[in-house]
Amino acid sequence: MKKIITSLLLLLFLGSFLTSCKKDKNNPPALPPEESMTIDFSNFEPGKKSYKISLTKGVENSNWEFAAMVAGYFRTVIAGTLAVPVYSFQKATGETPVYIEDKTWQWSYTTSLLGKTYKARLTGQIRTNDVLWKMYITGEGTGGFPEFLWFEGTSRSDGTGGQWVLNHSVQFKEPLLQIDWTTNGNAIGVIKYTYVRALNDNREADPFKTSSIEYGKKTGTFDSYYSILYFNGLAISEMNVEWNSATRNGKVKSLSNFGDSNWHCWNGNLVNVICP
């Protein structure tokens with residue numbers, strides 16, 4: 001009889017333990033949207049085949065060019081310096097995570113970019129009000145490097161927003177770019193890049209620190225916008241850009257560049273026009 005009672009108690013204990021583990025495990029956290037890392041620069045990409053415009057000699061498109069030049073700096077940071085971690089994060093969507101410990105799930109996979117292979121390990125730890133994300137990257141083959149934490153961030157439990165902090169590189173394991181994002185329904189509402197690197201590669205004060213670009217959608221004729229703080233060669237300056245995502249006409253405003261606080265416009269062919 002004593003053996004039976006002992007066995008029953010053991011079964012009850014094991015059942016309780018397994019139930020507790022299962023409850024602790026739950027389901028993996030939902031990955032933040034791929035777009036939480038990428039601003040839409042499609043209206044300001046010189047040389048893009050579908051956007052090439054044939055300008056008559058002497059026709060000015062300096063207003064659009066100025067907006068494209070400043071926005072292009074931030075596009076280069078995310079598409080150049082940080083291409084590997086951003087691309088690796090985007091590839092996580094098609095992978096299946098495994099539970100490892102302490103309400104933490106892990107996505108492990110191999111990815112290739114520009115002929116080089118990388119091992120990615122993304123972890124997501126479910127916390128009280130958010131999820132803590134960490135992405136570790138290992139470079140393989142020629143020019144490879146040992147695993148290091150390339151970026152980390154948080155996303156709200158309800159999926160309405162979050163923040164990423166991306167480090168510069170394996171050589172400079174220090175914050176380079178902070179990305180803050182929110183959602184509007186099923187789409188990204190506002191996304192903002194802030195350059196946070198304190199020292200450049202020469203270990204001198206980085207003049208681009210605190211520069212930023214915010215992208216969002218709005219109502220009205222100009223349905224898209226950038227709010228930008230950029231380094232003009234001397235100091236951080238303000239700049240605003242608004243455009244129509246369908247017709248491509250838009251306007252830009254920058255006191256340090258134009259010497260006034262007026263809007264300077266371009267039409268659907270990117271040609272300078274008088275603002276209405």
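**Figure 1. The largest nonpolar core has 55 residues.** Within this core, Tyr-193, Tyr-226 and Val-241 have the most contacts. Helix α2 gives the largest share of the core, 9 residues. A nonpolar core is a set of buried Ala, Val, Leu, Ile, Met, Phe, Trp, Tyr and Cys residues joined through side-chain atoms within 4.5 Å. Buried means under 20% relative accessible area, exposed over 50%, and partly exposed in between, with a 1.4 Å probe and protein chains only. In soluble globular proteins, nonpolar side chains tend to be buried together. The structure is a predicted model, in which local features need pLDDT of at least 70 and side-chain atom pairs count only at pLDDT 80 or more, while totals for chains, interfaces and linings use all residues. Residues are numbered from 1 along each chain as its sequence is written, and side-chain values use heavy atoms, with hydrogens and water left out.

**Figure 2. The surroundings of Tyr-226.** Contact means heavy atoms within 4.5 Å. Leaving aside neighbours within four places in sequence, Tyr-226 is in contact with residues including Ile-39, Phe-41, Phe-44, Ala-71, Tyr-215, Val-241 and Trp-243. Asp-40, Glu-214 and Asn-240 are also among its contacts.

**Figure 3. Strands β1 and β2 form a hairpin.** Helices (H or I, at least four residues) and strands (E, at least two) are DSSP runs, numbered from the N terminus. Strand β1 (residues 98-101) pairs with β2 in the antiparallel sense over 3 bridges; two strands pair if DSSP finds at least two bridges between them. Glu-101 stands opposite Thr-104 in β2. The hairpin has 2 residues between the strands, and Asp-102 takes a positive phi near 45 degrees.

**Figure 4. Strands β2 and β3 run antiparallel.** Strand β3 (residues 116-126) is joined to β2 by 10 bridges. Thr-111 has Tyr-118 in β3 opposite. In this hairpin, too, 2 residues lie between the strands, and Leu-114 takes a positive phi near 55 degrees. Strand β2 (residues 104-113) is largely enclosed by the rest of the structure, because 7 of its 10 residues are buried.

**Figure 5. Helix α3 and the elements around it.** In α3 (residues 83-91), the buried residues are Ala-83, Val-84, Pro-85, Val-86, Ser-88 and Phe-89. They pack against α2 (62-81), β2, β3, β4 (130-139), β5 (145-156) and β6 (161-167).

**Figure 6. The protein chain as a whole comes to 4 helices and 14 strands.** Of its 276 residues, 39% count as buried.
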